[in-house]
Amino acid sequence: MSEVTVKQLAEDIGAPIDRLLQQIVDAGLDARDAGGVVSADEKKQLLSHLKKSHGDDESEPKRITLKRKTQTTLKMSGGQGKTKTVNVEVRKKRTYVKRPDVNVELEKQKEEQDALRAKQEAEDAARKAAVEAQKVEEEKAAAEAEAKKAADEVAAKAEAEKASAKASAKPAPAPKGDSDDKSKKRAPKKKGHDSAGGSDDDKPKKHNKSAGHRAPRQREEEVDIHAVNASREILSEDALEEEIQPRKLKAKKKKKSHGFQQPSAPVVKEVSVGENIVVSELADKMSVKAVQVIKTLMGLGVMATQNQSIDQETATLVVEEMGHKVKLFSEDAVETDVLDSISYDGEEMPRAPVVSVMGHVDHGKTSLLDYIRRAKVAAGESGGITQHIGAYHVETGHGMISFLDTPGHAAFTAMRARGAQSTDIVILVVAADDGVMPQTEEAVQHARSAGVPIVVAVNKMDKEEADPDRVKNELAAKDVIPEDWGGDVQFIPVSAHTGAGIDALLDAVLLQAEMLELKAVPSAPAKGTVVESSLDKGRGAVATVLVQNGTLRRGDIVIAGNYYGRVRAMMDEAGKQANEAGPSIPVEILGLNGTPDAGDEFVVVADERKAREVAEFRAEKQRKDRLQRQQAAKLENMFANMGADEVKTLNIVLKTDVRGSLEALSAALNEIGNEEVQVKIVSSGVGGITGTDASLALATNAVIFGFNVRADAQAKKIIEEESLDLRYYSVIYEIIDHVKQALSGMLAPEFREDIVGIAEVRDTFKSPKFGQVAGCMVLEGTIFRNKKIRVLRDDIVIFEGELESLRRFKDDVNEVRSGTECGIGVKNYDVKVGDKIEVFDKVSIARTLS
């Protein structure tokens with residue numbers, strides 16, 4: 001508040017109230033008491049009075065002097081071409097004067113008076129100069145008139161002399177005539193100087209006239225110069241006041257003004273936001289600090305760091321909250337433009353069906369295909385099981401069919417799902433002697449979710465225990481109804497061993513394909529699915545692809561997942577070179593710059609540069625998504641992991657032969673473990689074990705698993721020198737079993753308590769040697785001297801400890817059996833009659849992972 005009481009003002013300035021009241025009266029203000037109010041104007045008047053009373057003369061300017069030192073360096077040339085450096089100190093001093101407002105007004109009035117006076121003086125000087133100039137002109141005209149009159153007199157005298165000469169009849173000499181002519185001609189030039197025939201009386205007059213007409217001319221020049229100089233000085237002072245003064249003001253403004261001026265209104269920016277954006281990048285686009293964005297996120301209930309990505313919706317809320325405009329755009333515009341530019345128009349032609357053979361492990365899927373292909377494929381599989389997707393196409397008497405053989409092991413769930421997604425018809429192989437098994441049910445679910453029709457092949461009909469009706473009943477319970485039961489699923493009994501029913505199975509498949517009316521455009525660019533990929537040491541990245549539409553030719557530019565390349569070579573499933581592959585044909589291609597994931601889509605594009613851009617965009621997007629998931633997992637588990645016991649981990653470096661096996665193994669190994677022990681795959685990849693893998697395993701204390709691959713010379717050297725654990729496998733379930741055993745050994749053992757004996761206290765007495773001793777009867781089991789005990793009173797545990805002594809009569813014993821009396825000394829505790837002493841033992845039990 002601007003108004004305060006006298007008491008408050010005295011407290012604020014630290015002065016006595018009585019003296020302050022007297023000073024108020026002396027300042028010419030109304031008298032008041034301690035509770036009186038002093039306004040702001042009165043405080044100013046009081047302050048002015050106090051300054052005058054203390055001798056503070058406001059008329060004098062207040063000065064402040066600033067001194068500044070700067071050092072510079074000068075380079076000077078010395079002797080012998082050398083250069084020496086000299087430090088120079090420059091001292092600057094500047095004095096600033098603060099003038100009171102009254103003096104400024106007086107100076108302003110004085111400056112106006114001086115300017116008016118100078119203007120009047122200038123006008124007077126200009127008038128005086130004009131009068132002087134007019135006077136000079138008049139004197140100049142008079143001098144010219146006198147000069148003309150003198151010339152006329154000279155001419156008249158010359159004529160008179162000439163006439164007197166003729167009258168004397170004396171011939172005039174020629175030179176004299178010439179002289180007269182010359183003098184006659186020179187006379188007007190000399191302007192006042194007498195000729196040779198002039199009298200002495202005329203000379204002084206002519207001289208005076210000449211001096212008289214030169215003097216005004218000299219005075220004319222002097223007056224003109226002084227007048228012009230005076231007028232110039234006056235005009236220059238006025239001009240300088242009008243011209244130089246604004247320059248000084250401009251210089252002062254330039255000197256005092258800052259380089260950056262804060263905008264008066266808030267700047268609204270248009271912020272481009274993609275599907276995901278890092279917090280720090282969003283802050284840069286809005287020209288604010290990341291802390292402000294984080295605060296806004298916290299206000300919206302989102303916890304994020306400056307290096308974390310947020311989704312488009314959250315970023316939109318943040319931008320609008322901070323007063324900016326949002327411009328949404330799709331980050332996959334490059335990918336969308338490239339894919340949309342591909343035209344698949346053309347004449348549609350019927351194509352061969354793509355059939356996936358699915359079922360439980362060891363039900364004969366590969367053997368069935370083996371009979372159809374007339375090749376022994378199952379015998380070449382490790383452990384007799386298929387561990388990756390095999391793609392084949394066969395020419396039958398009924399037409400061409402492409403087959404995909406999927407693994408039946410539980411670990412290959414993702415492979416079976418991919419096989420169902422990229423196929424037209426599913427052949428579900430069920431063993432007639434085994435019935436429906438877990439992987440059979442899973443295959444039915446994959447086919448149903450993909451919307452693919454099923455043809456059931458009831459295999460192993462050549463066995464005596466074959467029971468096809470059991471298979472029909474069990475599948476009917478899973479909503480797979482046979483045709484002869486009123487359903488839409490064909491059940492074909494076959495035998496992969498004898499070949500019975502194979503032709504009927506192929507007819508059923510082709511009949512189902514005719515109902516689907518499968519068509520493709522062979523003239524269009526190829527597109528399809530990556531079935532499998534691997535890294536070959538001699539050939540590089542090898543990808544098995546299934547063409548679903550168009551025709552793939554050698555030399556085409558292919559985008560497959562995060563990788564791209566030109567097709568340098570193409571082979572069919574038999575390893576023969578091929579120049580092109582039409583719809584429904586599986587082939588192996590070489591030329592990609594990496595191994596794409598099994599199940600990735602591949603397309604053929606026309607521009608290699610665009611293919612590289614799309615592949616790099618996909619790789620960057622995948623990296624961002626992975627980092628975002630990791631960051632989210634860290635934030636979610638941050639508080640949950642606080643105070644928890646440390647989880648034991650088994651570090652593994654995993655290398656496989658193909659991408660499908662790597663995916664299946666990674667998924668299976670990550671599922672093993674519990675809250676105490678876990679598997680951590682520190683590195684995984686396709687191809688042989690390299691020195692980099694061995695060095696990584698050494699740094700992370702990891703076990704190296706090679707699935708159908710081997711270590712190179714450099715890796716072997718590191719493994720031998722550092723004694724690393726390297727294991728080779730060719731069957732997937734062997735890896736899973738060994739990892740489970742290793743993790744089980746890392747589990748902390750469980751302890752179980754077994755009660756081995758119970759004794760009842762019948763009497764107590766004191767012993768000088770042992771203290772209190774209880775006379776007991778062993779009711780159950782055996783009492784051991786070296787085991788822990790509990791004391792129970794009314795079946796409630798009141799003490800837990802150990803025995804101090806165990807005696808049978810006078811002898812110390814180690815154990816006393818049931819039905820026998822004994823003396824027991826309990827260490828550090830007094831028992832009472834009726835208490836029970838329970839002897840127990842802790843047994844360690846090894847734990848296993850389920």
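The model is predicted, so local features need pLDDT of at least 70 and side-chain atom pairs pLDDT 80 or more, while totals for chains, interfaces and linings use all residues. Residues are numbered from 1 along each chain as its sequence is written, and side-chain values use heavy atoms, without hydrogens or water.

Next, display β31 (residues 788–793) and β32 (residues 796–808), antiparallel strands joined by 6 bridges. Strands are DSSP runs of E with at least two residues, numbered from the N terminus, and two of them pair if DSSP finds at least two bridges between them. The hairpin of β31 and β32 has 2 residues between its strands, and Asp794 in the turn shows a positive phi of about 55 degrees.

β33 (residues 811–812) pairs with β32 in the antiparallel sense over 2 bridges. In the turn of this hairpin, select Phe809, with a positive phi of about 55 degrees.

Now select Leu806, opposite Ile824 in β35; β35 (residues 821–826) is antiparallel to β32, with 4 bridges.

Which cysteine sulfur is closest to that of Cys822? That of Cys776, at 5.4 Å, is too far for a bond; a disulfide requires sulfur atoms within 2.5 Å. Cys776 is buried at 2% relative accessibility (under 20% relative accessible area, 1.4 Å probe, protein chains only), and Cys822 is buried at 7%.

Finally, move to the closed barrel of 6 strands, β17-β18-β23-β21-β20-β24, with antiparallel pairing.

Terms used
Buried < 20%, exposed > 50% of the residue type's maximum accessible area, 1.4 Å probe, protein only.
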